[in-house]
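Thank you all for coming; I would like to take a few minutes to walk through one structure with you. Please have a look at it before I go on.

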Amino acid sequence: MKWTSVAIVRGDDPKRMVDRSLELMEAKRLITPKNKVLLKPNYVVAKHPSTGITTDSHVVESLIEFVKSLGIKHIVVGEGGAGDTERAFDVVGI
């Protein structure tokens, strides 16, 4: 059976938490510069991240920085929400 890496990190700084999670999962070994990356952040409704319904924009920013640091050029942040997706992106600050 193939195992999947999961990291659970506690804290109050989303960037540090993402960075630590990626480090614990050894994420650098999973992606090469040839890859194309789609980030799907869970912006299905136009609610601020403080509600716990949507992903904090700092998490998305940290993931983009990580992927760029690996030399990946093709990165897309994509979503198909139940409502107005563009409004959801505005509300979360993307």
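Let me begin with Glu 86, which sits in helix α3, and please keep in mind throughout that we are looking at a predicted model. With a relative accessible area of 67%, Glu 86 is exposed. Its C-alpha atom is separated by 9.3 Å from that of Tyr 43, a residue 43 positions away along the chain.

Another residue I would like you to find is Thr 32, in the loop between α1 and β1, which counts as partly exposed at a relative accessibility of 40%.

Now to the charged side chains. How many salt bridges does a search of the whole structure find? The search finds six, and I will go through some of them.

Take Lys 15 and Glu 65, which form a salt bridge whose closest N and O atoms are 3.0 Å apart. Because Lys 15 belongs to helix α1, residues 14–24, and Glu 65 to helix α2, residues 57–69, this pair ties together parts of the chain that are 50 residues apart in sequence. Both partners are partly exposed, Lys 15 with a relative accessible area of 35% and Glu 65 with one of 37%. The pair also belongs to a network of salt bridges, in which Lys 15, Asp 19 and Glu 65 are linked.

A second salt bridge joins Glu 23 to Arg 20, with 2.7 Å between the closest N and O atoms. Both of these residues lie in helix α1, three residues apart, which is about one turn of the helix. Glu 23 is exposed, its relative accessible area being 53%, whereas Arg 20 is partly exposed at 36%.

The side chains of Glu 79 and Lys 40 also meet in a salt bridge, at 3.0 Å from N to O. This pair links distant parts of the chain, 39 residues apart, since Glu 79 is in the loop between β2 (75–77) and α3 (85–92) while Lys 40 is in the loop between β1 (37–39) and α2. Is Glu 79 buried or exposed? With a relative accessible area of 18%, Glu 79 is buried, because the cut-off for that class is anything under 20%.

Finally, let me return to the two helices that Lys 15 and Glu 65 tie together, and ask how they are arranged. The axes of α1 and α2 come within 8 Å and cross at roughly 45 degrees, and the two helices are therefore oblique to each other. The crossing in which α1 passes α2 is right-handed.

Which residues meet there? On the α1 side they are Pro 14, Lys 15, Val 18, Asp 19 and Leu 22, and on the α2 side His 58, Val 59, Ser 62, Leu 63, Glu 65 and Phe 66. Sorted by class, the contact of α1 with α2 has six nonpolar, two polar and three charged residues.

Methods. Residues are numbered from 1 along each chain as its sequence is written. This is a predicted model: local features need pLDDT of at least 70, side-chain atom pairs count only at pLDDT 80 or more; totals for chains, interfaces and linings use all residues. Side-chain values use heavy atoms; hydrogens and water are left out. A salt bridge is a side-chain nitrogen of Lys or Arg within 4 Å of a carboxyl oxygen of Asp or Glu. Helices (H or I, at least four residues) and strands (E, at least two) are DSSP runs, numbered from the N terminus. Buried means under 20% relative accessible area, exposed over 50%, partly exposed in between (1.4 Å probe, protein chains only). Axes are lines fitted to C-alpha atoms, for helices over the stretch in contact, and angles run from 0 to 180 degrees between N-to-C directions. Angles under 35 degrees count as roughly parallel, over 145 as roughly antiparallel, 65 to 115 as roughly perpendicular and the rest as oblique. A crossing is left-handed if the near helix is turned anticlockwise from the far one by less than a right angle, and right-handed if clockwise. Contact means heavy atoms within 4.5 Å. Ala, Val, Leu, Ile, Met, Phe, Trp, Tyr, Cys and Pro count as nonpolar, Asp, Glu, Lys and Arg as charged, and the others, Gly among them, as polar.
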